[in-house]
Every structure is written in structure tokens, then in C-alpha cells.
Amino acid sequence: KKGERRAPPTNYNPIIQPKKSMIVNNRKIKLPKALRLPRMEDHQFYNRERLLGLSKLEFTTYATLKASGQLPHHEIYEEKGTLLPDEFAIEKRELLEEGFGNITRSQYFHFVKSCAKYGRDDIVSIAADMELPVETVRPY
């Protein structure tokens with residue numbers, strides 16, 4: 001129709017979010033909250049590809065354990081935070097710690113503006129401008 005306009009896209013760069021449920025062996029499996037990955041935004045600098053790979057592995061592990069009836073009690077995996085073997089569990093924990101889950105999008109933009117204002121090497125001024133401790137800003 002003439003004169004009608006399409007709505008602009010809501011998001012230009014789609015962020016691949018970790019899934020809550022996945023289809024494994026033709027059955028939809030929902031992962032318990034303790035095993036799911038947090039929301040991973042671009043500005044939080046998570047190694048998203050590897051974390052999603054580990055999450056996929058965890059989905060299949062959960063599905064096979066559930067299908068065979070060998071799923072451990074929920075308190076056990078809630079405490080560990082994973083069903084993965086130790087080496088993958090350690091890797092998942094380290095990757096989640098590498099990201100900056102406590103930095104919000106507005107803090108990110110504030111950080112960028114502060115870097116432009118003070119230069120990226122003046123971390124003390126940037127931290128003061130962001131009203132965050134230097135220990136939080138330096139690794140970011």
C-alpha cells in the first residue's frame with residue numbers, strides 16, 4: 001500500500017541469548033534456573049561462543065541424565081552450579097568470572113564517555129566520574 005511505512009527494526013545487532021529450553025532427542029527440555037547462563041550483553045565482554053557451547057553440552061547431559069533417571073538431587077547441582085564434568089565446570093566458572101555481569105549498559109556508555117573525556121589511561125578520574133571504585137573500573 002502506498003503511504004504506509006514499515007516499522008524500523010527493534011534491534012540492529014541481535015544478541016544471542018542463552019536459551020532456557022532446548023529440544024534434545026525430540027523432547028523439549030527446560031534447564032533448571034541454577035544451571036542456566038546469565039543474560040550476556042555485548043558490553044559485559046563474556047566469551048559468549050564458548051559459554052553457549054558449554055551450555056549446549058550441559059543441556060544434553062541434563063537430558064540424558066533425566067531420561068535415564070540418574071539425575072542427582074537438585075540441591076547437589078544448585079550448590080555446584082553445573083552438571084558438567086570437573087574440567088568443564090571449572091572452565092564455565094572461570095568464563096563467567098571473566099565477564100563483567102555487574103556492568104550495566106548505561107555504565108558502559110558512561111565509561112566510554114569518561115575515556116574520551118580523561119583519556120583511557122587516567123583510570124582514577126574515570127572511576128571518580130563513574131562513581132565506582134577504581135578496583136571495579138581498572139579490569140574493565
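Guide: Among contacts in the protein between residues at least 6 apart in sequence, 55% join residues at least 24 apart. Keep in mind that this is a predicted model.

Visitor: What pattern does the protein follow along the sequence?

Guide: The order is β-β-α-α-α-α-α-α, with 6 helices and 2 strands in the protein.

Visitor: Which residues make the contact between helix 1 and helix 3?

Guide: Helix 1 contributes Arg-50, Leu-51, Leu-54, Leu-57 and Glu-58, while helix 3 contributes Phe-88, Glu-91, Lys-92, Leu-95 and Leu-96.

Visitor: What makes a group of residues a nonpolar core?

Guide: The residues must be buried, of the listed types such as Val, Ile or Phe, and joined through side-chain atoms within 4.5 Å. The largest nonpolar core has 10 residues: Phe-100, Ile-103, Phe-111, Cys-115, Ile-126, Ala-127, Met-130, Val-134, Val-137 and Tyr-140. Helix 4 (105–118), helix 5 (123–130) and helix 6 (134–137) each supply at least two residues of this core, and the largest share, 3 residues, comes from helix 5. A second, separate core of 7 residues includes Leu-37, Met-40, Leu-54 and Leu-95. Leu-54 and Leu-95 also belong to the contact of helix 1 with helix 3.

Visitor: Which residues does Cys-115 touch, leaving aside its neighbours within four places in sequence?

Guide: Cys-115 is in contact with Arg-120 and Ile-126. Of these, Ile-126 is listed with Cys-115 in the largest nonpolar core.

Visitor: How do you know whether Pro-139 is buried or exposed?

Guide: The cut-off for exposed is over 50% relative accessible area. Pro-139 has a value of 52%, so Pro-139 counts as exposed. Pro-139 is found in the segment after helix 6. Its C-alpha atom is separated by 9.2 Å from that of Phe-100, 39 residues apart along the chain.

Visitor: How much of the protein is buried?

Guide: Buried residues are 30% of the 140 residues. The accessible surface comes to about 10300 Å², of which 51% belongs to carbon and sulfur atoms.

How values were computed
Residues are numbered from 1 along each chain as its sequence is written. This is a predicted model: local features need pLDDT of at least 70, side-chain atom pairs count only at pLDDT 80 or more; totals for chains, interfaces and linings use all residues. Side-chain values use heavy atoms; hydrogens and water are left out. Buried means under 20% relative accessible area, exposed over 50%, partly exposed in between (1.4 Å probe, protein chains only). Helices (H or I, at least four residues) and strands (E, at least two) are DSSP runs, numbered from the N terminus. Contact means heavy atoms within 4.5 Å. Accessible areas come from the Shrake-Rupley method with a 1.4 Å probe; for residues, only the protein chains shown count as cover.
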